[in-house]
Amino acid sequence: MLIVRAIIVFTFLLAAGCSEPYPAADQEIGPNGEPPEALELIYQKQFLAEEKNYVLAFGIVHRFLVDNQFSVSYNPCFDDVLNIRKRKKGFTCIAVQADQGPPTKVYFRLIVDEVLFNQLDNDNRWFFSIEIYGFGSEQSLIDDFSAAVEPGLAQLYVGEQGR
């Protein structure tokens, strides 16, 4: 009898020790791309790229996500940016979502902040932000992103001074 109790207590302690600190529901991505409630913003930066580098920017980001075993999805926003009839003043949308999980442990999104194509001065460009959410223990991932991706994204806009 004592052995049965010991096994039950041991099993309970083992199960309690392996449980996640947050319910799985709090680690789910929202229907409109909202970050999971259990995760906190651990990285955010805005970038600027020339129109001709639109797809190149996504390629740089995509490679990082695949190399780091994210599950990547492209939203309709990716195509909408190129369709002038769908872009309105204040155009903003989530073009790429990626996560590590389930349940989601790290959430990544690329947000198109503003699109300035077809400019009279021919300075066609777009602004986008990268946001990464996690539990706060992903510093090596952020360091890798800063070292491998940021320099490439920073070179995607030359601007008027470089022409």
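This briefing walks through the sheet, the helices packed on it and the salt bridges.

The model is predicted, so to speak of local features takes pLDDT of at least 70 and side-chain atom pairs count only at pLDDT 80 or more, while totals for chains, interfaces and linings use all residues. Residues are numbered from 1 along each chain as its sequence is written, and side-chain values use heavy atoms, with hydrogens and water left out. Helices (H or I, at least four residues) and strands (E, at least two) are DSSP runs, numbered from the N terminus.

**The sheet**

- Five strands make an open sheet, ordered β1-β5-β4-β3-β2, with antiparallel pairing; two strands count as paired if DSSP finds at least two bridges between them.
- β1 and β2 (71–74) sit at the edges with a single partner strand each, so one side of each has no neighbour in the sheet.
- On average, neighbouring strands here are turned by 15° against each other, direction ignored; axes are lines fitted to C-alpha atoms, for helices over the stretch in contact, and angles run from 0 to 180 degrees between N-to-C directions.
- β4 and β5 run antiparallel and are joined by 9 bridges, and Tyr 107 has Tyr 133 in β5 as its bridge partner.
- β3 and β4, also antiparallel, share 7 bridges and form a hairpin with 5 residues between them. Asp 99 stands opposite Tyr 107 in β4.
- Between β2 and β3, antiparallel again, there are 4 bridges, and Tyr 74 stands opposite Val 96 in β3.
- β3 is mostly covered, with 7 of its 8 residues buried (buried means under 20% relative accessible area, exposed over 50%, partly exposed in between, with a 1.4 Å probe and protein chains only).

**Helix α4**

- The buried residues of α4 (residues 139–148) are Leu 141, Ile 142 and Phe 145. They span an arc of only 100° around the axis, which puts them on the same side of α4; the arc is that of the directions from the helix axis to the C-beta atoms.
- On the face turned away from that buried side, you'll find the exposed residues Ser 140, Ala 147 and Ala 148.
- Cover for the buried residues of α4 includes β1 (40–50), α2 (54–67), β4 (106–116), β5 (125–134) and α5 (150–154), where contact means heavy atoms within 4.5 Å.

**Helices on the sheet**

**Salt bridges**

- The structure holds 4 salt bridges, each a side-chain nitrogen of Lys or Arg within 4 Å of a carboxyl oxygen of Asp or Glu.
- One of them joins the side chains of Lys 45 and Glu 150 (3.3 Å, N to O). This pair links distant parts of the chain, with Lys 45 in strand β1 and Glu 150 in helix α5, 105 residues apart. Lys 45 is partly exposed at 36% relative accessible area, whereas Glu 150 counts as buried at 16%.
- Asp 67 and Arg 63 also meet in a salt bridge (3.7 Å, N to O). They are 4 residues apart in helix α2, so about one helical turn separates them. Asp 67 counts as exposed at 55% relative accessibility, and Arg 63 counts as exposed at 61%.
- Arg 125 pairs with Asp 123 in a salt bridge, their closest N and O atoms 3.5 Å apart. Arg 125 counts as buried at 17% relative accessibility, and Asp 123 is buried at 6%.
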